[in-house]
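Reader: I would like to go through this model one point at a time. Please take the overall picture before the single residues.

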Amino acid sequence: STSSVRFADLPAEVIEAYVASGEPFGKAGAYAIQSAVAAWIARIEGSYSGIMGLPLFETAQLLRQAGVRF
């Protein structure tokens, strides 16, 4: 599953405040899509749940193909 996230242009002071908050550390891509930085997301292509951490649609398809009923 491939997803892309496009951010609007962030002013330097917004980036500095974001980094100073400590929020980007320990996250893939240095952001959490459900966090305050989401206000700067201009476009998403692909799987929202994949961006959150697990592409649910794709995972469910694989499980169905493997015969797992849920």
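Author: One definition comes before the charges: Lys and Arg count as positive and Asp and Glu as negative, while His and the chain ends are not counted. The model discussed here is predicted.

Reader: How far apart do the centres of the positive and negative side chains lie in the protein chain?

Author: By that count the protein chain has 5 positive and 6 negative side chains.

Reader: What pattern does the protein chain follow when read along the sequence?

Author: The secondary structure comes to 3 helices and 2 strands. Read in sequence order, these elements give the pattern β-α-β-α-α.

Reader: Is the protein chain more spread out or less spread out than a compact globule?

Author: For 70 residues the globule rule gives 11 Å, and the radius of gyration of the protein chain is 15 Å, well over that figure. The C-alpha trace spans about 50 × 20 × 15 Å along its principal axes. Because the radius exceeds the rule in this way, the chain is more spread out than a compact globule.

Reader: What percentage of the accessible surface of the protein chain belongs to carbon and sulfur atoms?

Author: Buried residues make up 19% of the 70 residues. The accessible surface comes to about 5200 Å². The part of this surface that belongs to carbon and sulfur atoms is 57%.

Reader: Which residues form the largest nonpolar core?

Author: Membership requires burial, which is a relative accessible area under 20%. The largest nonpolar core has 6 residues, and they are Tyr 18, Tyr 31, Ile 33, Val 37, Ile 41 and Ile 51.

Reader: What is the C-alpha separation of Tyr 48 and Ile 33?

Author: Tyr 48 lies in helix 2, residues 48-52. Its relative accessible area is 44%, so Tyr 48 is partly exposed. Tyr 48 and Ile 33 are 15 residues apart along the chain, and their C-alpha atoms are separated by 8.7 Å.

Reader: Which residues is Thr 2 in contact with, leaving aside its neighbours within four places in sequence?

Author: Thr 2 lies in the segment before strand 1 (4-7). At a relative accessible area of 72%, Thr 2 is exposed. Thr 2 and Glu 45 are 43 residues apart in sequence, yet 8.4 Å apart in space, C-alpha to C-alpha. Leaving those neighbours aside, the contacts of Thr 2 are Glu 45, Gly 46 and Ser 47.

Reader: Which residues does Leu 10 touch, not counting residues up to four places away in sequence?

Author: Leu 10 sits in the loop between strand 1 and helix 1 (12-21). Leu 10 is partly exposed, with a relative accessible area of 23%. The C-alpha atoms of Leu 10 and Trp 40, 30 residues apart along the chain, are separated by 7.3 Å. Apart from residues up to four places away, Leu 10 touches Ile 15 and Trp 40.

Reader: Does Gly 53 count as buried or exposed?

Author: Gly 53 is in the loop between helix 2 and helix 3 (56-65). Exposed means over 50% relative accessible area. Since its relative accessibility is 59%, Gly 53 counts as exposed.

Technical notes
Residues numbered from 1 in each chain as written. Predicted model: local features only at pLDDT ≥ 70, side-chain atom pairs only at ≥ 80, totals over all residues. Heavy atoms only, no water. Helix = DSSP H or I, 4+ residues; strand = E, 2+ residues; numbered from the N terminus. Rg over C-alpha atoms; globule rule 2.2 N^0.38 Å. Buried < 20%, exposed > 50% of the residue type's maximum accessible area, 1.4 Å probe, protein only. Areas by Shrake-Rupley, 256 points an atom, 1.4 Å probe, with all protein chains shown as cover. Charge placed at Lys NZ, Arg CZ, Asp CG, Glu CD. Core = buried A, V, L, I, M, F, W, Y, C linked by side-chain atoms within 4.5 Å. Contact = heavy atoms within 4.5 Å.
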